[in-house]
Amino acid sequence: MIYIFWDDDIDPKWNRDNIEKALSLSKGNELGCIYVGENINLIKSNLVEFGVQKLFFAEILSKDIYLLYVKCICEICEIEKPELIIFPGSKLGKAVAATCEILLDAGLVADCIDISLDKNEKYIFSRTALNSSIIAQIVGMNCSVILCTTKQNAFLSDKNYRRQTERDLEVIKINIDSLEKIKACNYEVIQSINKMKPSLDVDLMKAKVVINIGRGVNKQNIDRLLQISQISKIGIGCTRAVVEEGNLPQSMQIGQSGKVITPELLILLGISGASQHVAGILNAKKIIAVNIDKDAPIKEYSDIFILADVNEVIPYLINYYTERRNYE
């Protein structure tokens, strides 16, 4: 039995992607969902669409009391004995999964980019390791339940995994009155700091067109590309090397240690194609790469490969998008 933890503070697509992945792993077995919140009707419509059979629901209005979420999941595990619970790698998902791991003595794999089954039908979790230089495959052992968190946009949507079921969605409401005592857990908030987003930050997760900057782009052209993003709907991302050189903030990093994006068009400028970066862009619908190295690995993943000095091509790119302001 596989359960999904639904977080309604994130893009619903992330939750649905997790459900589709669970469906592909369930092989017709029961699939359930755990939801703690107040938008129950919206959640139910999504679950029915995917053929999910069971929903555990607790009405909790405050996102601050995440320990109530933990208690709900622990009680569900006592009753249902799921073998796998999939969480989105959101702030809430990570906090709940990490705490449940300790209380349930469970296995936990964070930031998964794929989940599959081996020939013995054991779950294999893929994630980056060794400073994002390799992709590790992890198998849970000696634990009754395995928990995992997923990277956003890591799983490609596949409507073939949606299934119809003759069973109605069974909704089981958890009475949280008995859980209220956990509010008095012995902790206190020492200080709360609002993290301001960098002014250069862009919404890479929703942009239809993304320009991805690599080490081959000089600082002057980086600044010019950022100016273009301010007058258009183009997202600007970068590689880890660009972040490490201090030219762009980490929030704009794409790859296994950054964001996984799915734009309609991705333009790669001066990017060689390291595996940890490529894993963050594979779901782009069309990829155009500009590189001076005719043997750059990124050529293999590109729909169009332009052999040229990227800093000579960028002025033409800037002129093109300047003439087409507010591109969508």
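## Briefing on a predicted model

L55 has V171 of strand β10 as its bridge partner. The structure is a predicted model.

- Seven strands make up an open sheet, and their order is β5-β9-β4-β1-β2-β3-β10.
- The pairing within this sheet is parallel.
- In general, the strands of a sheet pair through backbone hydrogen bonds, in either a parallel or an antiparallel manner.
- Strands β5 (107–112) and β10 (170–173) are the edge strands, each of which pairs on one side only.
- From one strand to the next, the twist averages 20°.
- Strand β3 (residues 54–59) and β10 run parallel and are joined by four bridges.

**Helices across the strands**

- Helix α1, formed by residues 12–26, lies across β1 (2–6), β2 (31–37), β4 (84–88) and β9 (146–150).
- The direction of α1 is at about 180° to that of β1.
- Helix α4, formed by residues 91–104, lies across β1, β4, β5 and β9.
- Relative to β9, α4 runs at about 160°.

**The pair α5 and α8**

- Helix α5 (residues 219–231) packs with helix α8 (residues 310–323) at an angle of about 15°, and their axes are 10 Å apart.
- Angles under 35 degrees count as roughly parallel, and α5 and α8 are therefore roughly parallel to each other.
- The crossing in which α5 passes α8 is left-handed.
- On the α5 side, the contact is made by N221, R224, L225 and I228; on the α8 side, N311, I314, P315, L317, I318, Y321 and T322 take part.
- Sorted by class, the residues in the contact of α5 with α8 are seven nonpolar, three polar and one charged.

**Loop residues with positive phi**

- Most residues other than glycine have a negative phi.
- D105 is not a glycine, yet its phi is positive, at about 55°.
- The loop between α4 and β5 contains D105.
- Exposed means over 50% relative accessible area, so D105, at 64% relative accessibility, counts as exposed.
- N142, also a residue other than glycine, has a positive phi near 60°.
- N142 is placed in the loop between β8 (134–139) and β9.
- With a relative accessibility of 81%, N142 counts as exposed.

Methods. Residues are numbered from 1 along each chain as its sequence is written. This is a predicted model: local features need pLDDT of at least 70, side-chain atom pairs count only at pLDDT 80 or more; totals for chains, interfaces and linings use all residues. Side-chain values use heavy atoms; hydrogens and water are left out. Axes are lines fitted to C-alpha atoms, for helices over the stretch in contact, and angles run from 0 to 180 degrees between N-to-C directions. Helices (H or I, at least four residues) and strands (E, at least two) are DSSP runs, numbered from the N terminus. Angles under 35 degrees count as roughly parallel, over 145 as roughly antiparallel, 65 to 115 as roughly perpendicular and the rest as oblique. A crossing is left-handed if the near helix is turned anticlockwise from the far one by less than a right angle, and right-handed if clockwise. Contact means heavy atoms within 4.5 Å. Ala, Val, Leu, Ile, Met, Phe, Trp, Tyr, Cys and Pro count as nonpolar, Asp, Glu, Lys and Arg as charged, and the others, Gly among them, as polar. Two strands pair if DSSP finds at least two bridges between them. Buried means under 20% relative accessible area, exposed over 50%, partly exposed in between (1.4 Å probe, protein chains only).
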